[in-house]
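Visitor: I am new to this structure and would like to know what stands behind the words used for it. Please take me through them one at a time.

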Amino acid sequence: MPLATEISPTGRDLLGAATRIGEEIAAPHADDVDANARFPHESIQAMRDAGLLGAFVPARFGGGGCSITDLSLICTELGKHCGSSAMIFAMHQIQVACIVDTGQGLPYFDDLLAEIARAGRLIASATTEAGIGGNVRSSICAVEYDGEKISLRKQASVISYGAYVDDILVTARRDPDAAASDQVIVHVQRPNLTLDNQIDEWDTLGMRGTCSVGFELYATGTIEQILPRPYAEVSASTMLPVTHITWASLWLGIAEHAVRKARAVVRAAARKQPGTLPPSARHLATVVGQLDRFRALVAACVRDYELARVDPAIGASMAFTIQMNNLKLLASTDVFAIVHASMEICGLSAYRNGTDFSLGRQMRDAKSASLMVHNDRILDHNASLLCILKD
Amino acid sequence: MSERTETIRNILSKHGKLNGSADTIGEDKSLYSAGLTSHASVNVMLALEDEFDIEFPERMLTRSTFETVANLKSALDNLLGEEMSV
């Protein structure tokens with residue numbers, strides 16, 4: 001099989017759909033989604049109708065059979081139009097990737113993959129838990145067993161768009177006697193899933209459409225709903241790289257959008273006084289260079305992850321973990337810096353809401369990048385790995 | 001118990017933050033199931049490197065090296081040569 005470093009034919013079709021949905025649906029509703037901190041129903045439904053929610057499901061289950069390269073390009077496209085819609089798409093694909101990589105081949109998960117492709121089921125994630133101090137690699141809650149039946153109760157401090165889904169992947173200790181770090185991933189679904197006692201409101205600076213509130217989660221099911229590999233392994237080989245790649249890709253889309261506005265402003269200024277370089281042109285030249293570097297970073301990491309997916313030894317290495325962590329660290333700071341620089345170039349028309357050049361929402365969305373899974377935590381993780389990793 | 005295995009167990013007691021005692025855990029029992037986190041495994045490796053004056057090469061810096069006491073022993077044997085029988 002050739003390495004998937006170029007967009008696939010299906011990926012090209014779905015990317016086209018993402019462009020159309022972005023321009024015609026996500027962008028026109030983005031300000032309302034942002035102002036009301038509401039779920040972007042319109043764009044998610046359009047993605048469902050276009051088969052985008054099943055994009056990463058292998059073709060033999062009726063899905064799009066997309067590569068990571070394809071997903072990355074789609075995330076970037078959506079990011080240009082509505083950060084929240086793009087983030088929901090990305091988070092969903094992370095869950096799908098975990099099922100594709102570890103559940104595939106088991107009847108329960110094969111059926112689920114076919115359902116995701118057929119019905120466009122949106123999947124959320126419940127990894128954080130009240131009382132674990134933000135360390136998702138440890139759980140308090142545990143899977144309880146009664147023969148083949150299981151049940152699970154979790155004080156899930158954040159489940160992004162949880163109120164709008166039927167399916168959630170939940171982390172929990174393997175059993176009530178298991179260590180905090182001995183975790184599994186369980187797929188739970190309505191009607192055998194309830195989310196009660198919503199914790200807090202989602203009234204944030206940005207990414208307001210993700211509706212990332214917490215709930216008390218209770219679910220029942222059977223043992224076949226537990227993904228077969230430990231969470232620690234799924235996290236290293238799939239969840240962490242796919243997260244950082246899809247997030248960085250959509251942040252790139254936000255940055256692309258901002259620079260596009262800045263370029264339009266500089267061109268307009270240049271046209272007014274031919275022969276005189278507008279003062280903002282030099283700043284634009286700088287920010288376009290930053291954007292090029294950002295784009296190259298994402299492309300390089302996507303390529304290396306495609307390599308790791310065909311050679312698991314690469315994916316299991318600490319060097320690869322550090323590289324994927326660096327992608328998150330760099331991309332999250334790049335996106336904010338580029339949006340900020342673009343606002344400087346555009347001036348008040350970007351600072352004001354409701355103009356053709358407004359960048360307030362993009363700037364607020366971009367600010368979330370360094371905070372969602374805080375960069376300090378990721379930097380410390382890399383720092384600790386570098387204490388033992390050899391050249 | 002070989003000296004190396006005993007040293008491994010001592011280091012696991014000190015840095016592994018296992019749920020049970022590192023002295024009694026079976027040589028083939030999963031240390032991850034016993035509560036070894038990736039953070040703690042870094043500290044275990046640092047202590048082993050210091051104790052034996054070695055460096056684990058990158059090919060050994062995998063999850064499976066730390067899976068069991070037996071795997072750690074085998075990694076050390078690999079780096080130091082087989083242990084003289086005690």
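Guide: A residue is called buried if 20 or more other C-beta atoms lie within 10 Å of its own, and exposed if 12 or fewer do. Keep in mind that this is a predicted model.

Visitor: Is B:Lys17 buried or exposed, and how do you know?

Guide: B:Lys17 has 20 C-beta neighbours inside 10 Å, and the cut-off for buried is 20 or more, so B:Lys17 counts as buried. The residue sits in the loop between α1 (3–15) and α2 (38–52) of chain B.

Visitor: Is A:Asn197 buried or exposed, and what makes it so?

Guide: A:Asn197 has 9 C-beta neighbours inside 10 Å; exposed means 12 or fewer, so A:Asn197 counts as exposed.

Visitor: What makes the bond between A:Arg190 and A:Pro191 a cis peptide bond?

Guide: The bond that joins A:Arg190 and A:Pro191 has an omega of about 5°, and it is cis. Most peptide bonds are trans. A:Pro191 is found in the loop between β5 (183–189) and β6 (193–199) of chain A.

Visitor: Why is A:Thr238 called buried?

Guide: A:Thr238 has 21 other C-beta atoms within 10 Å, and 20 or more are needed, so the word buried applies. Its place is in helix α6 (residues 231–272) of chain A.

Visitor: Which residues does A:Thr238 contact, leaving aside its neighbours within four places in sequence?

Guide: They are A:Ala97, A:Cys98 and A:Asp101. A contact here requires C-beta atoms within 7 Å.

Visitor: How do you know that domain 1 and domain 3 of chain A touch?

Guide: The domain assignment of chain A gives domain 1 (9–121), domain 2 (124–225) and domain 3 (231–386). In domain 1, 24 residues are in contact with 24 residues of domain 3. On the domain 1 side, the elements that give two or more residues are α1 (9–36), α3 (68–79) and α4 (83–102) of chain A. The largest share, 10 residues, comes from α4(A).

Visitor: What makes α1(A) bent, and where?

Guide: α1(A) bends by about 45° at A:Gly22. Its 28 residues reach 37 Å from first C-alpha to last, close to the 40 Å expected at 1.5 Å a residue.

Visitor: What is the radius of gyration of chain B, and why does it agree with a compact globule?

Guide: Chain B has a radius of gyration of 12 Å, and a compact globule of 86 residues would have one near 12 Å, so the two agree. Chain B has 3 helices and 0 strands. Of its 86 residues, 33% count as buried.

Technical notes:
Residues are numbered from 1 along each chain as its sequence is written. Chains are lettered from A and ligands numbered from 1 in the order in which they are written. This is a predicted model: local features need pLDDT of at least 70, side-chain atom pairs count only at pLDDT 80 or more; totals for chains, interfaces and linings use all residues. Helices (H or I, at least four residues) and strands (E, at least two) are DSSP runs, numbered from the N terminus. Two residues are in contact if their C-beta atoms, placed from the backbone, lie within 7 Å. Domain bounds come from an automatic or database domain assignment. The expected span of a helix is 1.5 Å times one less than its number of residues. The bend at a residue is the angle between axes fitted to the seven residues ending there and the seven starting there. The radius of gyration is taken over C-alpha atoms; the globule rule is 2.2 Å times the number of residues to the power 0.38.
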